[in-house]
Amino acid sequence: MTAFVESEALRGCWYPVASAGLVESPADQAHAVRLLGHNYVIWRGPNSELIAAPDRCPHREAPLSIGKLEGGVLSCAYHGWGFGADGTCVSVPSSGPGAAIPPTAHLPCVKVEEKYGLIWMCPGDPTTTIPAIGQEDDPAFRRINTPVDSWATSSPRLVDNFMDFSHFPWVHTGTFGGAQDPYVPKIELSQLDDEFFGYQYEVEASNPDEAVAVSGSEEDTVHRVMTTGFALPFCVRSTIRYDDGLEHILLLLTTPVDDLNSLFTFVVWRNDDHSTDPDEIIAFDLAIGAEDKAMLEQVPGTLPLGRTGVVNVQSDKPSVEWRRRFAELIGFTG
Ligand code: FES
Ligand SMILES: [Fe+2]
């Protein structure tokens, strides 16, 4: 199978590559990022603006991410060429002050944005936008960010997992899955809003002591109405509604480092009274994510995209639909 990361269509999409806090201003270090099999450097320029470019000095190809950052100008570690706003080469020390700078010395920058506490990159010409989460501007909700983690698994496997709830009573027995009936009723898929496509379902979730901060209930089990949907290529939103009106929205964000490795982070919005320590709230979700990670990192290779590579049953309907649309997006014909 051709590497999916080589798909031209994926270059036009946005991917979270770092926590916004990692690329602080002022900073004395640039940040290296690997996305779709290519290396990039990110830093904040002279006006604290984000700059992202291939991690390759145009002079002799040294990685710029190991250079020195001062006042927003990134100096290459090899011969000291300096790069400032918009990736413009502003100095070539060996040529002396005032010497002409070759036009090809400027960096071919790529699109970069800050949103939802994350740095997002689009390595090509954008054909999509970062999904809109209305709760970001709703004062009843607060946002809680979690670290950007590296997972030794393929991005399609992550999305396949997030669109599937038949694994809950098997993989998530250490957290919320133990009380769930393994039987999955018929799933109806629909367009949830402008961007997300998915389904709604209800589960009885175990509610151990560690879950009390997140569920707001002290009962042994809690009833959850869940809505889970995807926005291509790798974004999944899962909304959990508890019977008392508490809403907990998870934006599950997967970034393909290459065909077999991913970055993963999730962002939470919730309409609680904002009093509980955010670390306590996300501890349970992080434990759930660790269960998925432990499972997925044992599954070899990337997810087969053809019709016959794996066996599907009715509970796989949402992930099969994601896979069908993803295969279409990247022009997979195998
Ligand atoms: S390789 Fe960067 S300045 Fe020479
Ligand atoms: Fe899971």
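Let's start with one pair of residues: Thr227 stands opposite Thr239 in β16. Before going on, keep in mind that this is a predicted model, where local features need pLDDT of at least 70, side-chain atom pairs count only at pLDDT 80 or more, and totals for chains, interfaces and linings use all residues. As for the labels, residues are numbered from 1 along each chain as its sequence is written, while chains are lettered from A and ligands numbered from 1 in the order in which they are written.

Now back to that pair. Strand β16 covers residues 235-242, runs antiparallel to β15, and is joined to β15 by eight bridges. (Strands are DSSP runs of E with at least two residues, helices are runs of H or I with at least four, and both are numbered from the N terminus; two strands pair if DSSP finds at least two bridges between them.) To get from β15 to β16, follow a hairpin of three residues. Strand β15 (residues 221-231) also pairs with β14 (residues 197-206), again in the antiparallel sense, over ten bridges. Look for Tyr199 here: its bridge partner in β15 is Thr228. If you wonder what holds such strands side by side, strands of a sheet pair through backbone hydrogen bonds, either parallel or antiparallel.

Next, find an open sheet of three strands, in the order β2-β3-β4, with antiparallel pairing. Its edge strands are β2 and β4 (50-54), each of which pairs on one side only. On average, neighbouring strands of this sheet are turned by 30 degrees against each other, direction ignored; axes here are lines fitted to C-alpha atoms (for helices, over the stretch in contact), and angles run from 0 to 180 degrees between N-to-C directions. Strand β3 (residues 38-44) and β4 share five bridges, and one spot to check is Trp43, whose bridge partner in β4 is Ile51.

Time to zoom out. The protein chain is assigned domain 1 (4-122) and domain 2 (134-329), with bounds that come from an automatic or database domain assignment. Their C-alpha centres lie 33 Å apart. Where do they meet? In all, 17 residues of domain 1 are in contact with 17 residues of domain 2, contact meaning that the C-beta atoms, placed from the backbone, lie within 7 Å.

On the domain 1 side, the elements that give two or more residues are α1 (8-11), β1 (15-19) and β2 (31-35). The largest share, five residues, comes from β1. By class, this side has 13 nonpolar, three polar and one charged residues. Here Ala, Val, Leu, Ile, Met, Phe, Trp, Tyr, Cys and Pro count as nonpolar, Asp, Glu, Lys and Arg as charged, and the others, Gly among them, as polar.

How values were computed
Two residues are in contact if their C-beta atoms, placed from the backbone, lie within 7 Å.
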